[in-house]
Structures are given as C-alpha cells and as structure tokens.
Amino acid sequence: LICCYSKPKTKRAKRFLEKREPKLKENTKNAMLIKGGNANLTVTEVLKDIYAVKKPFAVLYKKKNITRPFEDQTSLEFFSKKSDCSLFLFGSHNKKRPNNLIIGRMFDYHVLDMIELGIEKFVSLKDVKNSKCPEGTKPMLIFAGDTFEVNEEYRRLKSLLIDFFRGPSVPSIRLAGLEYVLHFTAVDGKIYMRSYKVLLKKSGCKIPRIELEEMGPSLDLVMRRTHLASDDLYKLSLKQPKALK
Amino acid sequence: VARLPEPAFRLPREKPPPKPRPPTRWEQFARLKGIRRRKRTSLVWDEQAKEWRRRWGYRRAGGDPARAWLAEVPAGADPEEDQFARLRREKRERVARNELNRLRNLARAHRAGTAVPAAPLHPTGHQSRDELSHVARVARVSTASLGRFQPRLPKESAEPPSRSGGKKRRFEPLLGNLAAERSRQLALLQDMGRKKPVLDITRAVNKQLRQEEAEAAAAKGKKQSQRGKRGRRQQRTGRSSKKSGARRQQQQQRPAGSG
C-alpha cells in the first residue's frame with residue numbers, strides 16, 4: 001500500500017487509497033468528460049448525453065480546459081490520476097477541426113490509445129421524445145460492418161468503444177433488465193452510432209417479441225487522427241495476472 | 001436470470017497487475033502444516049448472561065476485561081507478585097511482539113520486492129577470469145565461518161581473506177607486542193627530535209617530475225603561442241597522458257628500490 005506522500009491516518013483514507021491501487025480484479029473503468037478551450041453547443045450536448053448514458057461511472061467536468069491532447073498529454077494524465085479515471089472523452093471545436101471528440105483510454109495513468117472523431121450529425125436525448133431506460137443500465141453493444149474487423153484503427157476503435165460503454169462486468173444478468181442497445185455501424189469511412197430501447201411485447205410463446213425503439217443519442221462520426229499505443233505496450237496492458245486464470 | 005459466458009474479447013487493464021507479495025512466516029508455516037483458516041462466529045454464547053454476546057468489543061462475552069476484579073495466583077508463582085501488573089505487562093509484551101512481527105513481515109516483503117538479482121554467471125565457455133575468481137571468492141566466503149576453514153581450490157593462490165574485511169585502516173590491538181610498540185614510540189621520538197627534514201623518495205621524485213613538466217610546458221608554450229590556440233589544445237591533451245604514465249611508473253619503481 002502507499003508509497004506516496006504519507007501513510008493514511010484514518011481508516012477512510014486507507015479505504016480510499018485501497019480502492020485506487022492495482023488489484024487482481026479491477027474496478028469498473030471510470031470515464032472523464034472534458035471540454036476543451038473552444039467547446040460549442042453541439043460538443044457540450046454530446047458530452048452531457050454520454051454522461052447520462054455512463055452514469056455513475058463517469059465524471060463530467062464543467063469548466064473548459066485549454067489543452068491539446070494530441071500535443072501534450074500531461075494535463076490529461078494529471079486529471080486521470082486525481083479522479084482515478086482510465087477513460088476520457090475530450091470535446092473541442094475550432095475552424096480546422098469542427099465538432100471534435102477525442103476518445104481515449106489510459107494504462108497506469110498514461111495515455112494508451114486516443115482516437116479523434118468528428119461529429120457530423122447529432123440527435124440528443126432531449127430531441128427524441130419517448131421514454132428512456134433507467135440510469136446505469138448495462139447496454140448491449142452491436143458492431144456492424146466488416147471494417148471493424150479488417151482495419152487496424154477500426155479494430156482499436158471497437159475495443160475502445162466496448163471499453164467505454166461496457167459498464168460493470170457481471171457474472172449473471174436479469175433478462176428483463178436488458179433494455180438498452182448501442183448499435184455501431186462502420187460504412188463508407190463513417191461511423192454511425194444509434195441507441196435503441198428494447199421493448200418486450202407479448203407473443204404467443206414463452207419468448208417475448210422484441211421491438212427496438214429509437215431513443216437516446218445518435219451520432220454520425222468521422223475518424224480523424226489517431227494516436228494508438230505501440231504493440232508491446234498494448235500487449236503489456238492486456239496481460240492478466242496468473243491468479244485470475 | 002441468465003448466466004453470462006466468460007468474456008471472449010480481451011480488453012486492456014486499467015493498471016498493471018499487482019506484484020504478488022511473499023508469504024509471511026505464519027503463512028509459510030501454515031502451508032507446511034496444512035493448517036487452513038477456520039471462519040470464527042462473530043457471536044459467542046455467554047453462560048453467565050445466558051445470551052449470545054459478541055466475541056470482542058462492546059459488551060463482550062466474559063465481561064469487560066478492564067473490570068476484572070479477580071486475578072488468581074497460578075500454582076507455581078511467587079505469592080508476593082502483583083498479578084494484575086503481570087497480566088498488564090504480558091499483554092503489552094504480546095502486543096509489542098505482534099507489532100514487531102508485522103513490521104518484520106513488511107520489511108521482508110519490501111526487501112523481496114526491491115531485491116536486485118545477482119548478475120548471472122554466463123554459461124560455460126564464456127566466463128572471464130575475473131568473473132570466475134569473483135564467484136569463487138563469494139562462494140568461499142558464504143559459509144558459516146566466513147570461509148576461514150574452507151579448503152582452497154587446486155589452482156587458487158594461498159591468499160588468506162583479509163581479516164579486516166576490506167577496511168583500509170587497521171588499528172593495532174592495544175595490549176599486544178610490547179617490543180614493537182616500544183620501537184615504534186622511540187622511532188617517533190627520533191623523528192620529532194631530528195633537526196634536518198626526512199627525505200621521502202616518492203614525494204621527491206614526483207616533485208622533480210612536475211618541475212620538469214612545467215619547464216617543458218613553458219618552453220613549448222613559447223613556441224606554440226605563435227601557432228595559436230589549436231596547437232596548445234592538442235599539445236595539452238597529449239602531454240597529460242604521456243607524463244602521468246611516466247609518473248606512475250616512477251612511483252612504483254622507487255619504493256621497490258628504497259624498500
């Protein structure tokens with residue numbers, strides 16, 4: 001335990017530090033949603049919607065942070081260390097890169113992968129007028145399009161998106177609680193994200209009839225720059241301790 | 001409720017996996033003996049109060065130990081001894097021993113974590129002479145008596161290990177050789193009483209060499225100052241390597257000649 005500044009003097013502090021130290025079975029990854037120097041309405045709305053989807057495993061920072069993640073990663077790493085978040089979503093807007101969203105993850109509080117996406121079209125939660133599913137529902141993720149298997153960058157993006165939206169990993173799940181579906185399609189160099197609510201309708205037999213109703217944020221994204229981790233760093237991050245196997 | 005299958009898609013970890021800490025002394029012993037941890041019940045039946053009380057803490061079974069008004073004198077104990085004081089002292093000792101063992105376990109774990117593995121000996125055929133001699137020396141000294149009764153290897157030199165253990169200064173024992181002490185003290189008095197200074201051959205030689213160097217430098221400097229900075233720089237580096245070698249050789253030769 002505890003190498004850093006001083007030994008914890010209270011049990012509460014000790015528990016706080018124990019929660020953050022490396023463990024065999026890790027905690028659910030937290031995400032931090034940060035606004036860049038010049039964040040416009042679209043980007044702010046996107047961040048707020050993603051926060052709503054990812055609650056309670058997300059932190060939405062209210063103030064604007066003037067940094068450029070692709071040039072300097074120290075401020076992101078500092079935030080990650082302070083709030084113990086290993087996923088981040090950084091939104092910004094400028095003339096060269098309008099409606100910019102950088103999605104990334106960390107390993108050991110250092111940036112592992114970063115992918116820059118541009119928002120072409122966005123429909124927020126508020127605009128779609130129907131009932132939503134409760135907060136904290138574990139979504140089902142569907143990836144359509146063979147680009148996600150073929151292209152290296154798209155493969156990393158798929159892994160990143162799974163990491164981001166997975167939520168807590170559980171051994172068993174209540175079937176009635178499977179309400180939320182996130183559908184990603186990669187077509188023509190664009191990535192379409194749609195969210196649906198699962199409605200279980202009465203049918204003749206035991207298995208209910210499933211209907212998908214569009215709800216929630218829908219995004220049209222374009223892949224811009226990427227900063228992917230080198231192969232050996234990625235392999236190092238994938239390493240699982242022997243005790244788990 | 002449905003049981004989800006094991007995740008097939010491997011995702012990277014958040015932090016590197018924790019390093020396994022070495023088992024404590026008790027854990028090693030328990031593994032040897034096959035002792036397993038028995039989960040204790042949190043409540044114990046108290047006969048006197050006729051109810052389930054907790055094992056320790058507020059209102060524990062067996063009453064508050066601070067209010068124990070009776071301490072029996074054990075069979076073989078001294079009748080004058082204060083039993084309450086003895087119980088308190090023993091408790092303090094137990095707590096201190098527990099704390100000591102806990103710190104020892106921590107230190108062991110920390111040492112194991114930061115231990116630098118010894119540089120491995122190369123496989124056969126690639127060892128250097130120094131490597132082998134070093135390893136042989138370490139092996140000889142790694143006995144209980146630090147290699148004092150260790151037989152020498154066939155081709156090893158008969159050099160006894162330094163009794164001082166590598167310390168540079170040696171101090172003679174206080175009450176040892178009286179004759180040697182006497183002669184040493186008399187020599188010291190002689191040196192102090194001498195009028196003329198003593199000639200130290202090594203220092204004299206070094207001084208002479210330095211003087212010669214300075215003269216040569218002065219002479220060369222006059223010549224090179226016309227050529228410029230570049231010449232002086234080259235000449236300086238060349239000079240230091242040659243002359244220092246000569247000085248060292250002189251130093252080694254002279255003491256051999258004088259002694």
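1. Let me start with a pair in chain B. Lys50(B) and Glu47(B) are joined by a salt bridge, with 3.6 Å between the closest N and O atoms; the term stands for a side-chain nitrogen of Lys or Arg within 4 Å of a carboxyl oxygen of Asp or Glu. Lys50(B) is exposed, at a relative accessible area of 53%. Here buried means under 20% relative accessible area, exposed means over 50%, and partly exposed is in between (1.4 Å probe, protein chains only). Side chains of opposite charge can pair when their charged atoms come close.

2. A word on what you are looking at. This is a predicted model, in which local features need pLDDT of at least 70 and side-chain atom pairs count only at pLDDT 80 or more, while totals for chains, interfaces and linings use all residues. Residues are numbered from 1 along each chain as its sequence is written, chains are lettered from A and ligands numbered from 1 in the order in which they are written, and side-chain values use heavy atoms, leaving out hydrogens and water.

3. Chain A has 6 helices and 11 strands; helices (H or I, at least four residues) and strands (E, at least two) are DSSP runs, numbered from the N terminus. Of its 245 residues, 42% are buried. Among contacts in chain A with a separation of 6 or more, 68% are between residues 24 or more positions apart, a contact being heavy atoms within 4.5 Å. The accessible surface of chain A is about 13800 Å², and 55% of it belongs to carbon and sulfur atoms; such areas come from the Shrake-Rupley method with a 1.4 Å probe, and for residues only the protein chains shown count as cover.

4. Chain B has its own set of values. It holds 6 helices and 3 strands, and from the N terminus on the order is β-α-β-β-α-α-α-α-α. Buried residues account for 8% of the 259 residues in chain B. For contacts in chain B between residues at least 6 apart in sequence, 23% join residues at least 24 apart. Chain B exposes about 24500 Å², with 54% supplied by carbon and sulfur atoms.

5. Back to charge pairs, this time in chain A. Over all chains, the count of salt bridges comes to 26. One of them joins the side chains of Glu152(A) and Arg156(A), at 3.8 Å from N to O. Both residues sit in helix H5 (residues 152-165) of chain A, 4 residues apart, or about one turn of the helix. Glu152(A) is partly exposed at 37% relative accessible area, whereas Arg156(A) is buried at 5%.

6. Another pair worth a look is Lys201(A) with Glu211(A), a salt bridge whose closest N and O atoms are 3.0 Å apart. This pair links distant parts of the chain, with Lys201(A) in strand S9 (residues 190-201) and Glu211(A) in strand S10 (residues 209-214) of chain A, 10 residues apart. Lys201(A) is partly exposed, with a relative accessible area of 31%, and Glu211(A) is partly exposed too, at 30%. Salt bridges that share partners also join Lys29(A), Arg105(A), Asp113(A), Glu152(A), Arg155(A), Arg156(A), Asp163(A) and Asp231(A) into one network.

7. Chain B carries a nonpolar surface patch of about 440 Å², made by Leu186(B), Leu188(B), Leu189(B) and Met192(B). Patches are made of residues with over 30% relative accessible area and no salt bridge, where like charges are joined within 9 Å and nonpolar side chains (Val, Leu, Ile, Met, Phe, Trp, Tyr) within 5 Å. Leu188(B) belongs to helix H4 (residues 178-193) of chain B and is partly exposed at 46% relative accessibility.

8. Finally, some backbone details to check on your screen. The peptide bond from Lys55(A) to Pro56(A) is cis, with omega near -5 degrees, and Pro56(A) is in the loop between helix H2 (41-54) and strand S2 (58-64) of chain A. Asn99(A) is not a glycine, yet it has a positive phi of about 50 degrees; Asn99(A) is buried, with a relative accessible area of 16%. Leu146(B), a residue other than glycine, has a positive phi near 55 degrees and counts as exposed at 56% relative accessibility.
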